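Thanks for coming. I will go through one model, from its fold down to a few backbone details.

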Amino acid sequence: MDGRLQVFSGNANPVLAEEIMRFLGAPLGRATIGRFKNGETRVKLDENVRGSDVFVIQSMQAPVNENLMEMLIMLDAVRRSSASRITAVIPYYGYAKQEKKTSGREPISAKLVANLLVTAGADRILTLDLHAPAIEGFFDIPVDHLRAAPLLADYFHNQGLDNVVVVSPDAGGVGRAEDFRIRIGADLAIIAKKRPAADRTEVIEMVGDVAGKTAIIVDDMISTGGTLVEAASTLRERGATTVYVGATHPLLADGAARKLREAGIARTIVTDTVPLREGERDSAIEVISVAPLLAEAIMRIHKGLSISALFS
Ligand code: R5P
């Protein structure tokens with residue numbers, strides 16, 4: 001790619017952005033990103049981007065709409081400043097659970113977010129563990145969809161655990177759990193759950209033998225923690241000796257960190273796509289950084305190199 005590499009970040013996850021830049025060996029682009037007194041988002045790029053290959057980093061955790069709007073306005077500013085290419089780097093893609101209608105008169109918000117990103121100026125998307133891989137198809141621009149599975153699998157592999165069963169906490173996560181199971185060489189169990197109401201889960205049934213085994217529940221995100229609490233309780237009822245969790249996005253809404261502790265989950269391993277808040281860090285939650293992965297992907301995209309190697 002012609003044009004120099006410049007990376008800007010919104011306010012959603014500045015620590016991750018700084019860490020990515022540490023791996024890239026360059027400073028973040030200078031920009032003023034704040035609020036006008038009336039609450040509107042204010043963005044001003046404090047350096048020239050004309051002709052540059054620009055990457056804008058922003059996750060979309062709570063406050064979701066604030067973070068999304070910041071991203072859109074930053075993309076607009078970069079586009080109007082004549083960058084030659086703009087990549088939206090979205091470590092956590094919000095609204096992804098609303099990727100289809102589950103009943104009449106509902107929106108498909110994940111598609112709306114895709115439309116907004118492209119309208120605002122994104123030429124490419126770089127993201128990680130979309131809740132539903134089909135969201136890639138909501139874009140008609142290139143999407144590089146990375147996975148945290150290699151990092152999480154390495155972590156668990158290095159723990160030297162014996163007699164392991166990898167558990168998908170719902171039918172939608174079977175592909176993710178199967179990929180993880182192959183990476184660490186373990187058995188597979190699958191839980192079927194239902195959602196009697198938004199943000200509530202109930203286990204219907206489980207397939208697979210977990211008795212006497214160490215269970216690792218693999219999921220893309222922890223929102224209210226309900227899915228994991230229910231899954232952990234089912235696993236213990238069926239005789240699992242220890243329960244671990246490996247999940248990419250720690251949204252940890254509604255006291256989820258406390259619920260996981262009280263559910264007796266031995267350790268929860270998450271990534272830093274979303275920053276943990278005060279009081280959520282404790283010995284039962286461990287964070288693995290995706291900064292080296294995203295930095296490598298940014299460098300490869302900039303140089304026009306393949307990113308397939310990052311999947312193994
Ligand atoms: C569901 O389909 C997802 O993969 C997660 O299991 C879910 O979003 C977690 O939500 P919560 O923590 O609120 O149960």
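First, a term: helices (H or I, at least four residues) and strands (E, at least two) are DSSP runs, numbered from the N terminus. This is a predicted model, where local features need pLDDT of at least 70, side-chain atom pairs count only at pLDDT 80 or more, and totals for chains, interfaces and linings use all residues. Residues are numbered from 1 along each chain as its sequence is written, and side-chain values use heavy atoms, with hydrogens and water left out.

By that assignment, the protein chain has eight helices and 14 strands. Its radius of gyration is 20 Å, close to the 20 Å from the globule rule for 312 residues, so the chain is as compact as a globular protein of that length. That radius is taken over C-alpha atoms, and the rule is 2.2 Å times the number of residues to the power 0.38. Along the principal axes, the C-alpha atoms fill a box of roughly 60 × 45 × 35 Å.

Next, the interior. Buried means under 20% relative accessible area, exposed over 50%, and partly exposed in between (1.4 Å probe, protein chains only). Buried residues are 50% of the 312. A nonpolar core is a set of buried Ala, Val, Leu, Ile, Met, Phe, Trp, Tyr and Cys residues joined through side-chain atoms within 4.5 Å. The largest one has 35 residues, and Leu75, Tyr93, Leu117, Ile125, Ile135 and Phe139 touch the most other members. Helix α2 gives the most to this core, with seven residues. A second, separate core has 26 residues, including Ile217, Leu228, Val243 and Ile285.

Back to Ile125: counting contact as heavy atoms within 4.5 Å, and leaving out residues up to four places away in sequence, its partners include Thr87, Leu117, Phe139 and Pro142.

Now the backbone. Most residues other than glycine have a negative phi, and most peptide bonds are trans. Which residues does a cis peptide bond join? They are Ala62 and Pro63, with omega about -5°. Pro63 sits in the loop between β4 and α2.

Asn163, not a glycine, has a positive phi of about 55°. It is in the loop between α4 and β8, and counts as partly exposed because its relative accessibility is 46%. Asp162 lies in the loop between α4 (149–157) and β8 (164–168), and is exposed because its value is 62%.

Last, Asp199, where phi is positive again, near 65°. Asp199 is in the loop between β9 (187–197) and β10 (200–207). At 52% relative accessibility, Asp199 counts as exposed.
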